[in-house]
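Q: Can you walk me through this one? I have a few quick questions.

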There are 6 protein chains.
Amino acid sequence: MSSYEPPVGHILQSSFGHGVLRELSAFESKISPVNLMLPLFVTNSSPDALEPINALPGVSRYGVNNVLPFLSQQVEKGLRSIIIFGVDVKNTKDKVGSSADNDMGPTIEAIKIIKAKYPQLWVAADVCICPFSDTGHCAIFEDGHMDNQKSIDRLAEIASNYALAGADCVAPSDMMDGRIGAIKSKLRELKLGSRVAVMSYSAKFCSGSCPYYGPFREAAGSAPKFGDRRNYQLPPGASNLAMRCNSRDVGEGADILMVKPAGAYLDIIYRTKQEHPNFPVAAYQVSGEYALLFHGAKAGAIDLKRGVLESLTACRRAGAELILSYFTPQVLQWLDDD
Amino acid sequence: MSSYEPPVGHILQSSFGHGVLRELSAFESKISPVNLMLPLFVTNSSPDALEPINALPGVSRYGVNNVLPFLSQQVEKGLRSIIIFGVDVKNTKDKVGSSADNDMGPTIEAIKIIKAKYPQLWVAADVCICPFSDTGHCAIFEDGHMDNQKSIDRLAEIASNYALAGADCVAPSDMMDGRIGAIKSKLRELKLGSRVAVMSYSAKFCSGSCPYYGPFREAAGSAPKFGDRRNYQLPPGASNLAMRCNSRDVGEGADILMVKPAGAYLDIIYRTKQEHPNFPVAAYQVSGEYALLFHGAKAGAIDLKRGVLESLTACRRAGAELILSYFTPQVLQWLDDD
Amino acid sequence: MSSYEPPVGHILQSSFGHGVLRELSAFESKISPVNLMLPLFVTNSSPDALEPINALPGVSRYGVNNVLPFLSQQVEKGLRSIIIFGVDVKNTKDKVGSSADNDMGPTIEAIKIIKAKYPQLWVAADVCICPFSDTGHCAIFEDGHMDNQKSIDRLAEIASNYALAGADCVAPSDMMDGRIGAIKSKLRELKLGSRVAVMSYSAKFCSGSCPYYGPFREAAGSAPKFGDRRNYQLPPGASNLAMRCNSRDVGEGADILMVKPAGAYLDIIYRTKQEHPNFPVAAYQVSGEYALLFHGAKAGAIDLKRGVLESLTACRRAGAELILSYFTPQVLQWLDDD
Amino acid sequence: MSSYEPPVGHILQSSFGHGVLRELSAFESKISPVNLMLPLFVTNSSPDALEPINALPGVSRYGVNNVLPFLSQQVEKGLRSIIIFGVDVKNTKDKVGSSADNDMGPTIEAIKIIKAKYPQLWVAADVCICPFSDTGHCAIFEDGHMDNQKSIDRLAEIASNYALAGADCVAPSDMMDGRIGAIKSKLRELKLGSRVAVMSYSAKFCSGSCPYYGPFREAAGSAPKFGDRRNYQLPPGASNLAMRCNSRDVGEGADILMVKPAGAYLDIIYRTKQEHPNFPVAAYQVSGEYALLFHGAKAGAIDLKRGVLESLTACRRAGAELILSYFTPQVLQWLDDD
Amino acid sequence: MSSYEPPVGHILQSSFGHGVLRELSAFESKISPVNLMLPLFVTNSSPDALEPINALPGVSRYGVNNVLPFLSQQVEKGLRSIIIFGVDVKNTKDKVGSSADNDMGPTIEAIKIIKAKYPQLWVAADVCICPFSDTGHCAIFEDGHMDNQKSIDRLAEIASNYALAGADCVAPSDMMDGRIGAIKSKLRELKLGSRVAVMSYSAKFCSGSCPYYGPFREAAGSAPKFGDRRNYQLPPGASNLAMRCNSRDVGEGADILMVKPAGAYLDIIYRTKQEHPNFPVAAYQVSGEYALLFHGAKAGAIDLKRGVLESLTACRRAGAELILSYFTPQVLQWLDDD
Amino acid sequence: MSSYEPPVGHILQSSFGHGVLRELSAFESKISPVNLMLPLFVTNSSPDALEPINALPGVSRYGVNNVLPFLSQQVEKGLRSIIIFGVDVKNTKDKVGSSADNDMGPTIEAIKIIKAKYPQLWVAADVCICPFSDTGHCAIFEDGHMDNQKSIDRLAEIASNYALAGADCVAPSDMMDGRIGAIKSKLRELKLGSRVAVMSYSAKFCSGSCPYYGPFREAAGSAPKFGDRRNYQLPPGASNLAMRCNSRDVGEGADILMVKPAGAYLDIIYRTKQEHPNFPVAAYQVSGEYALLFHGAKAGAIDLKRGVLESLTACRRAGAELILSYFTPQVLQWLDDD
Ligand SMILES: [Zn+2]
Ligand SMILES: [Zn+2]
Ligand SMILES: [Zn+2]
Ligand SMILES: [Zn+2]
Ligand SMILES: [Zn+2]
Ligand SMILES: [Zn+2]
């Protein structure tokens with residue numbers, strides 16, 4: 001038997017042997033601080049609150065007095081952007097989620113103090129009704145049915161109040177029809193249309209009871225009181241529906257598209273970038289993903305650092321410029337160490 | 001303020017309201033038995049062996065007498081394809097992995113009895129040197145260096161012996177240069193070129209010490225004695241290198257391309273399918289992925305069934321026609337129950 | 001001279017040798033009952049009418065009493081969807097096609113009895129003015145000119161009346177500007193926007209006198225009294241115009257895009273699917289195509305079954321999920337026989 | 001109800017209103033003489049033969065004395081290219097098709113006299129064994145089995161003899177593995193590699209008993225004596241296999257790719273052009289397609305001119321630069337008349 | 001050492017050896033008169049004006065009496081389209097650019113006499129405020145700020161007046177938000193929506209002080225009095241922004257997309273064509289490009305004819321169907337000479 | 001008249017308002033030192049030579065003693081890679097270009113001293129016969145004809161001698177058939193296959209007398225003595241041929257693809273990157289481009305810095321990771337200044 005000699009064209013190492021070639025080849029998967037967005041839970045339980053979240057070991061809710069000290073460490077390590085989740089435990093939840101944009105509520109207060117101290121930091125605010133409504137749903141209900149028009153009017157109102165408070169970006173996490181257009185219209189009316197970006201949770205999969213979102217509820221206190229959110233979130237296999245949601249939101253003016261969760265939807269991140277190459281894409285590594293990696297490492301199944309970096313590298317490789325991850329402080333530290 | 005009315009073109013539910021429309025829209029993500037490939041560990045420790053694998057709770061190594069009873073349950077539930085990993089604990093490991101294709105070794109023995117009983121079952125055999133060599137590496141070493149030519153000659157020999165024993169497919173899991181061409185040449189020489197398919201582990205990421213592959217070693221008994229396999233597996237961010245490996249293997253005659261691991265590389269599965277639409281793509285959900293889901297469910301973080309099905313749906317949605325998963329028996333049961 | 005040995009990479013049969021591989025490779029061209037949509041001509045000439053159509057040998061117009069008996073045979077063989085063409089021979093044709101949506105007219109009557117008996121059947125209704133107008137054109141004329149706005153208002157009215165009668169889908173076959181948006185707006189106004197799908201004849205080629213559409217006129221009784229329809233149908237070479245029509249209709253809310261005719265426009269079907277991967281695509285095998293295959297087979301030039309199946313396989317392969325074909329009953333029978 | 005006003009962006013006529021815009025938009029579907037390739041049957045039954053082919057009404061086989069008079073009319077109307085099919089009725093058919101490249105056989109004789117008279121005409125010759133072998137198959141059989149290596153060696157010999165006689169292009173119509181490479185190797189050996197093009201019947205669908213190829217057999221006298229050609233022609237749904245054939249032939253040096261038949265494979269023409277944009281694509285409108293259009297027109301179902309031009313426009317629109325059609329003389333006349 | 005023999009598949013010359021093959025291969029880069037659009041400066045300084053433009057050696061501004069004599073030479077050589085730039089030196093410039101569409105102003109006068117003499121010529125008119133406003137900016141300023149709404153209303157007014165005067169196409173060269181939609185709405189209101197095309201300067205790079213646009217100012221007399229135009233023109237690296245401008249303008253009804261300048265943005269021309277294959281693309285070879293080629297040739301660095309033809313061939317190859325070039329008269333002459 | 005209000009989705013500034021968004025959007029067009037490759041002319045006229053090149057004002061040929069001092073300045077400013085052009089004025093030119101790889105010739109000497117001093121610098125060497133042959137052609141001539149096989153054998157020899165001297169990359173600038181494969185084979189034979197990269201001048205347009213290449217000849221002293229190079233360089237319109245050259249060279253093992261010249265071929269750079277996304281692409285801004293920009297700036301037509309940076313930004317935007325430019329020292333300075 002004569003040996004098979006691979007064709008010369010099949011030598012691959014020559015393309016990656018020298019440092020210059022490797023540097024020219026792998027830009028797109030590199031993680032830099034600018035790619036990391038910190039989810040920040042701000043509570044009004046007490047100004048000095050510092051409440052560990054059981055379901056997200058290592059992550060806390062911050063009272064207003066603790067926000068800046070925590071952020072200052074991150075900014076020093078290169079943090080460029082955050083997204084605020086306000087947790088209101090003082091005001092009564094009602095039908096329309098009135099406390100969402102209470103002038104003295106945690107979200108608006110946090111936006112103001114953060115932008116005052118760090119005007120260059122890019123500050124986004126999550127926009128939804130569910131953490132503040134008595135139903136725990138992302139919509140306003142009338143007679144037992146979601147009222148889409150009222151819901152998007154209200155979402156536009158909340159978003160514009162965050163924008164008026166100084167947010168650079170508003171990020172509607174509900175899935176109501178037309179909420180991007182409603183928010184953009186309202187922003188334009190207020191002459192904020194050109195300054196404030198809208199990051200749409202445009203491809204948001206799965207319902208509240210799905211594997212991934214459980215722990216978030218404890219963090220943000222937003223479990224629905226009845227039914228679940230399957231009606232307005234996407235089933236895991238529905239790639240064509242997700243793509244149509246992306247297109248719809250682009251058509252209504254979204255500036256950034258988000259895929260959530262990240263890990264089990266890397267192909268959707270890639271397709272989103274393919275279909276919308278001229279838009280930044282964000283990936284949200286949700287609380288369930290955090291939990292799996294954390295517990296897996298604890299059980300010795302994986303090495304935490306390698307596992308986390310691999311998961312974030314995957315998001316970058318798939319095309320996400322922005323990654324929302326609870327591991328952000330840890331990763332900034334690792335990048336700083338290198 | 002006047003309300004924003006979403007454009008009529010942004011109504012999405014009408015496209016998915018009726019069952020016929022949903023059926024026409026979501027073919028590509030559905031999991032059928034034909035999409036599931038069972039990894040089967042066959043040991044020669046004893047003909048009656050039934051050895052649970054600690055790192056893969058619920059998965060066992062089978063002695064030759066237990067193979068058919070186990071398979072018969074799966075075939076009844078619709079199993080169409082398997083991949084055999086031989087575990088030789090009797091013969092001495094040597095430089096070239098002689099026991100890999102020992103005529104009476106576990107792999108060849110298993111192929112023969114399985115094809116005799118289930119001629120329609122599509123039987124693949126994993127082809128590598130590492131489980132049978134004294135170095136634990138996927139290559140033959142001479143003077144401390146991998147000898148690529150000797151390695152691929154040997155791999156071709158192993159593969160062709162599996163093919164002669166009746167395997168429908170041989171699946172080289174090493175990453176040596178030119179092994180696909182060497183195997184195809186040898187198969188052609190033996191007039192098996194048109195009957196036996198080659199499934200290439202073409203985009204195989206990460207080294208043996210990475211988060212994902214740990215538990216597999218216990219199962220197949222193949223940890224390297226020195227160094228690790230990073231030299232011949234791909235770093236997580238190297239999408240361009242992975243794509244070039246796919247193209248190279250297609251150029252040498254691969255019939256099926258495999259991405260491994262699956263979960264953190266869904267975007268790579270998608271790109272593989274995009275660049276090679278005329279080839280079936282396989283995804284290997286590795287032991288580490290199994291472990292994360294298993295332990296996560298045990299810790300109550302996720303619901304096992306929903307989590308597993310979501311992970312496999314993701315592989316299908318990304319473009320994999322074949323999924324190698326240790327959950328296969330469980331999923332066949334779930335599909336059977338529905 | 002030394003022989004040329006083809007590269008090992010050029011062996012193709014190994015990729016298609018085993019049944020599992022063939023099954024994984026050819027999903028997309030398979031014809032299942034869910035892919036076949038039956039065009040159904042319903043006449044009010046008499047409740048018991050059963051009128052053979054000369055130009056479509058083997059196809060008939062059905063009076064209301066004969067609809068369900070005929071359908072029941074098809075549903076038994078797996079029929080999942082139909083499209084109704086009402087033929088009104090009793091009411092006077094007028095400028096606006098008033099009889100199109102006459103409450104007791106054949107279309108609305110058929111929708112009601114069919115949905116009552118087969119609630120799971122997906123029932124579409126062709127929407128146009130031409131079979132019911134005194135001009136035989138697809139538009140309303142004022143002062144000798146087509147009035148686009150009046151035409152689309154009227155089309156929206158007809159469509160919504162079909163929807164109110166129970167149709168799951170309305171399918172405007174005219175080519176007026178803005179008729180998709182007009183219909184969707186009207187449906188939304190009536191709270192039917194999310195339940196009723198709109199299938200747009202978006203890429204409809206050629207005029208009434210072209211080779212393909214002749215026989216249909218006898219079937220539906222809709223030849224124009226003056227001029228022809230070239231002004232609002234596409235010339236055969238105009239692929240860019242067809243693609244812009246598709247995009248326009250998607251922008252106005254079409255749920256399904258149709259290419260008509262099918263056979264000479266397979267490349268357009270393919271391009272439509274490529275540009276709109278997240279939408280189902282329908283292909284209409286028109287009466288002229290039916291006639292060519294029928295007469296060709298009769299003359300012994302081709303084998304009818306092979307010719308018909310090849311033509312439908314081609315539509316599926318090109319990307320159509322839905323095929324409107326007069327051969328539907330015959331094909332359901334063939335599929336049943338296999 | 002307020003009327004729906006279509007968005008201004010949905011006005012399409014402005015893009016096609018002026019002649020300059022129409023001219024800039026529709027280049028790609030236009031039929032020019034350079035796009036038409038004439039299939040020419042040359043017989044050695046008698047030098048003065050002029051034998052009408054029943055199955056192709058209006059098409060004849062030409063004896064050597066009648067070739068130039070017939071061609072001269074076509075060249076005057078702009079004909080730029082032909083493809084010769086030699087029909088040998090004098091020499092005994094044998095195992096290897098010896099008469100195919102008989103020095104005085106019809107093919108070689110025709111090439112010589114045509115190139116002598118029309119040096120600028122692009123002259124291709126069909127290359128196969130089937131019209132000259134005693135089996136009627138496209139391959140050489142040994143012991144009842146096709147011998148692929150002998151077949152491609154013989155095909156290379158035939159092709160190179162045609163090239164030596166002056167053919168500008170050789171067009172292997174068999175589907176043997178490696179015949180393109182074998183022909184190119186032989187041509188290179190003879191220093192003809194850079195002058196003579198190879199047009200591969202690379203995506204040739206269906207077997208001899210399929211609807212489309214029947215009439216050709218009468219024309220070229222090449223029905224198989226046993227079995228049929230399904231083993232080496234593609235089933236109608238096998239788009240992925242067709243695409244792999246195209247790629248394989250490009251890899252072996254094909255200069256032009258052909259899709260055959262044309263009409264039911266317009267999507268394959270389009271995909272071939274998409275995957276191989278840098279290669280000319282030919283479409284063969286086969287004898288069955290000719291027959292359907294001819295008989296359909298005769299039966300009054302279609303208008304011949306409109307039907308034929310629509311079918312050829314479709315080939316151009318799908319991406320074919322070259323169309324092999326029996327209607328070529330008729331179309332040249334029509335183009336000349338316009 | 002044994003020589004390496006290139007694979008037979010790597011012979012390229014056979015694909016381009018014969019004239020027919022070359023003709024079938026290179027359609028897309030050929031320059032025909034229909035691809036050339038003449039920029040025409042018309043001045044009202046005097047009816048008999050013929051003013052050489054220093055910065056564009058060889059190009060002049062024409063008084064109304066000299067327009068037709070100059071054009072008649074070009075039309076004879078095949079010119080099919082022009083774009084008019086009116087230069088008003090008589091009327092006072094004001095805030096809103098009133099003289100742009102003065103009924104007796106140079107633009108409208110030129111449109112009328114040209115369309116009267118050459119009804120088949122496709123006549124476009126550049127639409128902007130800057131040559132006629134006292135600020136020299138493309139927008140109307142209120143209180144020192146651009147007023148976008150007033151600007152687009154005014155642009156729509158100018159455009160519609162040009163259209164009413166007979167222009168076949170209006171070409172807004174500003175970059176205000178929404179000007180395409182405003183113009184299309186106004187045209188539709190005037191029943192000109194289907195007759196008059198809008199060519200959008202959709203991807204217009206760089207500001208007035210950038211290398212390329214300098215000389216144009218002398219020609220059209222339109223330097224800004226304060227600030228520059230960087231706010232509303234695109235920075236050279238902003239491909240994603242350019243692509244979003246193209247999409248936006250298509251969404252508002254643009255019939256033709258323009259990339260400006262041409263030479264340093266060939267990749268943008270290509271991408272524009274890729275993303276909008278169903279729209280004609282225009283490339284504007286600006287005055288600075290003209291100057292570089294002219295002076296380079298004068299200095300002996302290049303051959304003018306080869307350099308100019310290469311630059312225009314590049315535009316065609318990249319996908320532009322229309323090229324606006326000051327070399328048009330010269331190129332028509334060269335084409336005529338060949 | 002009511003004003004047209006642009007859709008909210010058409011606000012673009014919100015996507016680019018904040019620095020973080022701009023940074024995430026424009027990575028791909030940024031110029032970093034790693035993207036710049038310095039062409040370095042090394043002469044053996046005298047060890048202390050420092051010869052200004054008239055045709056490239058500001059660029060010089062360096063004697064061996066002046067190489068390191070010049071380079072040290074560039075490396076300090078961040079230079080990462082160079083390409084060496086040896087200019088031999090001492091040895092007699094002969095048929096095979098013997099002096100190209102003379103052990104003591106300027107190229108090999110330069111490689112050695114540079115790699116000794118700067119082991120991290122990525123050092124490429126241009127490989128051709130023309131500067132060293134008595135014909136001035138890129139090939140070896142036998143009996144008045146190019147001998148392709150001898151030429152590629154010789155090119156492989158030269159390349160491997162440069163590689164043995166320490167070059168990290170060899171860059172064949174001829175266009176002979178098979179030279180990439182020949183070089184790779186030779187390198188593999190010498191066990192250099194995995195260490196040394198091959199950068200192919202794969203899409204090299206135009207002949208020596210074309211506008212762009214003139215000045216280079218003075219620099220490298222390589223004008224052909226008879227004929228020109230049009231036979232083996234590509235005509236400007238031949239995009240399909242260029243793409244086939246790229247594919248061929250990838251098939252033979254090229255590690256990097258080069259497009260030359262850069263400026264008039266930006267669309268080709270883009271297409272090269274599109275078709276070969278997994279390979280680095282280099283763009284060569286040739287001497288003629290340098291001259292046009294230099295003289296244009298001198299004549300006041302453009303601003304040099306803006307013009308040069310725009311031209312290089314264009315290369316990056318089009319997809320080139322590497323730019324070979326004579327402006328490299330100047331640009332490193334500008335980057336350093338910022
Ligand atoms: Zn919510
Ligand atoms: Zn191994
Ligand atoms: Zn109609
Ligand atoms: Zn044959
Ligand atoms: Zn302006
Ligand atoms: Zn050279």
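Q: Which protein donors does the zinc ion (ligand 1) have?
A: They are A:Cys128, A:Cys130 and A:Cys138, each through its SG atom, lying 2.3 Å from the zinc. Donors here are N, O and S atoms within 2.8 Å of the metal (3.2 Å for Na, K and Ca); water is not among the atoms, so sites may look incomplete.

Q: Before we go on, what kind of model is this, and how are things numbered?
A: This is a predicted model, where local features need pLDDT of at least 70, side-chain atom pairs count only at pLDDT 80 or more, and totals for chains, interfaces and linings use all residues. Residues are numbered from 1 along each chain as its sequence is written, chains are lettered from A and ligands numbered from 1 in the order in which they are written, and side-chain values use heavy atoms, with hydrogens and water left out.

Q: Back to ligand 1. What spacing do its donors follow?
A: The spacing along the chain is C-x1-C-x7-C. A:Cys128 and A:Cys138 both lie in the loop between β5 (122–127) and β6 (141–142) of chain A, so the pair ties together parts that are 10 residues apart in sequence. Strands (E, at least two residues) and helices (H or I, at least four) are DSSP runs, numbered from the N terminus.

Q: Is A:Cys138 buried or exposed?
A: A:Cys138 is buried, with a relative accessible area of 2%. A:Cys128 also counts as buried, at 2%. Buried means under 20% relative accessible area, exposed over 50%, and partly exposed in between (1.4 Å probe, protein chains only).

Q: And which protein donors does ligand 4 have?
A: That zinc ion has D:Cys128, D:Cys130 and D:Cys138, again by SG, at 2.3 to 2.4 Å. The spacing reads C-x1-C-x7-C. D:Cys130 and D:Cys138 are both buried.

Q: How many disulfides are there over all chains?
A: The count is 0, taking a disulfide as a pair of cysteine sulfur atoms within 2.5 Å.

Q: New topic. What rotation superposes chain E on chain D?
A: A rotation of 180°, with 0.0 Å of shift along its axis and an RMSD of 0.0 Å. That is the relation of a two-fold axis. The same surface serves both copies, as 100% of the contact residues of chain E recur in chain D. Copies are superposed by least squares on the C-alpha atoms of residues with pLDDT of at least 70 in both, and contact means heavy atoms within 4.5 Å.

Q: What about chain B on chain A?
A: A rotation of 180° superposes them, with 0.0 Å of shift and RMSD 0.0 Å. In chain B, the C-alpha nearest the axis belongs to B:Asp267, 2.1 Å from it.

Q: Now chain C. How many residues of strand β11 are buried?
A: 5 of its 5, over residues 281–285. C:Val281, C:Ala283 and C:Gln285 are on one side, with C:Ala282 and C:Tyr284 on the other.

Q: Which strands pair with β11(C)?
A: Strand β10 (residues 256–260) pairs with β11(C) in the parallel sense over 3 bridges. Strand β12 (residues 322–325) also runs parallel to β11(C), with 4 bridges. Pairing takes at least two DSSP bridges between two strands.

Q: Which residues sit across from C:Ala283?
A: C:Val259 is its bridge partner, and C:Ile323 in β12(C) stands opposite C:Ala283.
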